[in-house]
Amino acid sequence: MFPILKSQWLAPKVRQLVVEAPRVATRHRPGHFVIVRAYSGGERIPLTIADSDSKLGTITLVIQAIGATTERMCLLKQGDSLPDVVGPLGKATEIENFGHVVLVGGGVGTAVIYPQASALKAKGNRVTAVMGGRSKEFVILEKELAAICDAVYPCTDDGSYGYNGFVTGKLGELIADAALPVNAVITAGPVPMMKAVANVTRDKGILTIASLNPIMVDGTGMCGGCRVTVGGKNLFACVDGPEFNAHDVDFASLTDRLTAYRDHERSIWARLQSDEAHKCKLQEAMAEAQAK
Amino acid sequence: MPLKASERMKIQRQAMPESPPDERNKHFREVNLGLPPEIASMEAKRCLACKNHECVAGCPVGIDIPGFIGAVEQGDLERAANILYAANVLPGITGRVCPQETQCEELCLVGKKGKPVAIGYLERYVADWARANLKRTIEIAPSTGKKVAVVGSGPAGLTCAGELAKMGHDVTVFEALHRPGGVLVYGIPEFRLPKVIVDQEVKTLQDMGVKIECNVVIGATMTVSDLMQQEGFHAVFVGNGAGLPVFQNIPGENLKGVYSANEYLTRVNLMSAYMGLQADTPVLRGQGVVVVGGGNTAMDAVRTARRLGADPACLVYRRSEKEMPARVEEVHHAKEEGVRFEMLTNPVAVLGDEAGWVRAVRCQRMGLGEPDASGRRRPVPIEGSEFEVECQVFIEAVGTKSNPLLTQATPDLKLNKWGNIIIDDKGMTSIPGVFAGGDIVRGGATVILAMGDGKKAAVGIHNYLSTGVPTA
């Protein structure tokens, strides 16, 4: 069992868990992920490690409630446990001195770029972070990134905070600034965003790394479910990635493969909600009975 | 009055009671129901207890086969069980999944004239009896004070762990998945090997003092050198299997509905996707399912698809049925269950609809040419023979490669050109004190060969720990 030492909301439907997993914490490097089961009988889902503390033996996970499993994970409180956490998996980010690196995070993807920011900074880079969210409350980890980076640019789709527009707009501005040329871009977040980021940097020839999030089962190379087409070759995101040169990634295929289980997800979700509704009705009925 | 050999030879080989094909192709319960006691005694009488007992030489773990069958004939099942356990810590598993027809039973003297003694059925009979009736008391040697790490809880790892525990070593097994058993729980379906049997065999090892830690990937969570230098293990056995699935590299493999057999079986078995909406982990079903491959994994996948409602559940193999590496019994069962066999056929492309879902597989007929390196006749495409099989799910069971996670993190480990670990005749790798066995050494092989390796390595490790050298 992996005890949860801290659990809090970072944004609506975005929860941060600090989990005791000493062995994972010891070997964690930026870019690594873990496979987690939220409860016995649950799915195995990949989550990027957002932070770690090898002295305390903890790792930090950021979860967005988007389906049955993640909804239930977001209900976990301090004192609860995760039955299974395995990792650190995947290849770590190649941390080099690029010069000026722009990290582009969208939604919970911002949690992926956070550990990269510290490592890149320690390597002597100028580090700029661009964090996108639908509106102000969806921009996460701004304070934490600001403490590390040379500059941070929150962006909101509705203009409620920071830069008014998509992260790609801000990234375009940064690239256009001749005073601070951009040498590398690392991006994590929704697939359409990473695809758009790759399109912005492609013609400029700026090295761009994307952290991909395909569906996985084991996370150790055994099932091949996470295969993605990179440079015309099929690679396994779990052992060959999850980070790849964004200019070589077939984002259309990745987007499509992510929809494979949408019907099942909906049905499971409906089942959970009817279970909940059933429970509520039962509780009402019991309360009524007691009142009588 | 003991029977004469001629009387024994007159007894026909007894049949294994089976769940009827039309019922079992709709559920996941076990196909073979096990021999009733009177049938088992009758079968045991067929053994001649011949002088050369060649059957034993055919057994990768060297079970005293005439010994245990003799005990069954005498009705002393406890003694039969102890004879099995002496050579094999997992008889309930091997009695179900061994390819007996190419091992012990192939060499059986009775089989030279008629059908061989049903050694596998009898092994399962004794193991099942023992599990229900016998409090297993395995003699454990006094503690040696030596710690051994076993990487992987599949057949090689479990066997090695059991043998080492018997010798008095302090054994910890590290498993990457959340449940121990390796291929026995993620790969082999319930209808061939019920999970409860694996769980009980694992429990037996734990009762013997073996510790099992899940969620540890050696090569990621810890390295082999961490185990020896930081965790204080005196020796390591690597039995992490041949994990990486091979894809055929044909067009359309990234369409939704294409699986490796590993993924398909893992979803259905380990993650319980056969329970449909009662399981969180889904698997795509589809009316038509095509599986490519000719081994046991292909059989497991296509029979699983059949049980999940596929019609047709179609098996495509590029050679002829004779060349299929699958166990004869699995092929027979698959046919009974309504699996469609398309032999001498090879998929050349997966075809999709506009929404990215599989709609068919384009196949090509093959002829047989000259024998290739494997001694089997090489399949040659027949021009103009292409045709389509409609399906929504396409599963590739064409083999696995060695998983590089552990080996890449262990640079001193010598590998062959396929990435398999090289061992000496004692099972030791190029790193002193590190042993290996099973599929990570052999490439894709069988449960029993992995168990044989685990057992051999346990002897090697024991000698290494006693003397500093792995003498046999």
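This is a predicted model: local features need pLDDT of at least 70, side-chain atom pairs count only at pLDDT 80 or more; totals for chains, interfaces and linings use all residues.
View 1. Pro242(A) sits in the loop that runs between helix H7 (237–240) and strand E16 (243–245) of chain A.

**View 2. A cis proline in a loop of chain B.** Here the cis peptide bond is the one joining Asp311(B) and Pro312(B), and its omega is about 10°. Pro312(B) belongs to the loop between helix H16 (296–307) and strand E8 (313–316) of chain B.

**View 3. Leu141(A), a leucine with positive phi.** Leu141(A) is not a glycine, yet its phi is positive, near 60°. You will find Leu141(A) in the loop between strand E9 (126–133) and helix H4 (142–146) of chain A. Is this leucine, Leu141(A), buried or exposed? Leu141(A) has a relative accessible area of 9%, so it counts as buried.

**View 4. Asn215(B), an asparagine with positive phi.** In chain B, Asn215(B) has a positive phi of about 60°, although it is not a glycine. Its setting is the loop between strand E3 (211–213) and helix H14 (224–229) of chain B. Asn215(B) is buried, with a relative accessible area of 7%. For context, most residues other than glycine have a negative phi.

**View 5. Helix H6 of chain A and its buried face.** Helix H6 of chain A covers residues 191–202, twelve residues in total, and spans 16 Å from its first C-alpha to its last, close to the 16 Å expected. Its buried residues are Val191(A), Met193(A), Met194(A), Val197(A), Ala198(A) and Thr201(A). Seen down the axis of H6(A), these residues fall within an arc of 160°, so they line one face of the helix. What covers them includes strands E8 (100–106), E12 (184–188) and E13 (207–211) of chain A, together with helices H5 (167–176) and H8 (251–257) of chain A.

**View 6. The interface of chain B and chain A.** Here 45 residues of chain B are in contact with 41 residues of chain A. The two chains bury about 3,500 Å² between them, 53% of it on carbon and sulfur atoms. Three salt bridges are counted between chain B and chain A. One of them pairs Glu213(B) with Arg23(A), with the closest N and O atoms 2.6 Å apart. There are also 23 residue pairs in polar contact across this interface. On the side of chain B that touches chain A, helix H15 (261–268) of chain B is one of the elements giving two or more residues, and H15(B) gives the most, with four residues.

Conventions
Residues are numbered from 1 along each chain as its sequence is written. Chains are lettered from A and ligands numbered from 1 in the order in which they are written. Side-chain values use heavy atoms; hydrogens and water are left out. The expected span of a helix is 1.5 Å times one less than its number of residues. Buried means under 20% relative accessible area, exposed over 50%, partly exposed in between (1.4 Å probe, protein chains only). The arc is that of the directions from the helix axis to the C-beta atoms. Contact means heavy atoms within 4.5 Å. Buried area is the accessible area (1.4 Å probe) that two parts lose on being put together, summed over both. A salt bridge is a side-chain nitrogen of Lys or Arg within 4 Å of a carboxyl oxygen of Asp or Glu. A polar contact is a pair of N or O atoms within 3.5 Å; within protein, one must be able to donate a hydrogen and the other to accept it, and residues adjacent in sequence count only if both atoms are side-chain atoms.
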